[in-house]
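Please look at the sequence and the model side by side, and work through the questions below one at a time.

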Amino acid sequence: MGIKMSPLIQSTRILRMFSNFGGVPKGHCAVYVGESQKKRLVMPISYLSQPLFQDLLTQAEEQFGFNHPMGGLTIPCKEDVFVHLTSRLRS
């Protein structure tokens, strides 16, 4: 029997896992998006509290898990779609 965490608590846990990668300004985190070629993007951590982004994190966990060989969080989304979706979020 497992304990179900709220999306915000789970997002915070995930952020801690990936917050120690170099070249990321304070208050931001790096993610990889794209299909065959992954592109590293830096986004504000405030996106983690947005329901749309929490849905993307759930999909990322289901599709990729959180132990990605590139050493970062991979979002299962085309780059242009990810940029469009995150442009609609409030930071």
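Q: In what order do the elements of the protein run from the N terminus on?
A: This is a predicted model, and the protein in it has three helices and three strands. Reading from the N terminus on, the order of these elements is α-β-β-α-β-α.

Q: Which strands stand at the edges of the sheet, and why is one side of each left without a neighbour?
A: The three strands form an open sheet with mixed pairing, and their order in it is β2-β1-β3. Each edge strand has a single partner strand, so one side of it is left without a neighbour in the sheet, and the strands in question are β2 (39-44) and β3 (73-75).

Q: In which sense do β1 and β2 pair?
A: Strands of a sheet can pair in either of two ways, parallel or antiparallel, through backbone hydrogen bonds. Strand β1, which covers residues 28-33, is joined to β2 over six bridges, and Tyr32 stands opposite Arg40 in β2. The sense of the pairing between β1 and β2 is antiparallel.

Q: Which strands does helix α3 touch?
A: Helix α2 (residues 51-64) packs on the sheet and touches β2 and β3, with its direction at about 105° to that of β3. Helix α3 (residues 79-87) also packs on the sheet, and its direction makes about 5° with that of β2. The strands that helix α3 touches are β1, β2 and β3.

Q: What share of the residues in the protein is buried?
A: A residue counts as buried when its relative accessible area is under 20%. Of the 91 residues in the protein, the share that is buried comes to 37%.

Note on methods
Residues numbered from 1 in each chain as written. Predicted model: local features only at pLDDT ≥ 70, side-chain atom pairs only at ≥ 80, totals over all residues. Heavy atoms only, no water. Helix = DSSP H or I, 4+ residues; strand = E, 2+ residues; numbered from the N terminus. Buried < 20%, exposed > 50% of the residue type's maximum accessible area, 1.4 Å probe, protein only. Pairing = 2+ DSSP bridges. Contact = heavy atoms within 4.5 Å. Axes fitted to C-alpha atoms, helices over the stretch in contact; angles between N-to-C directions.
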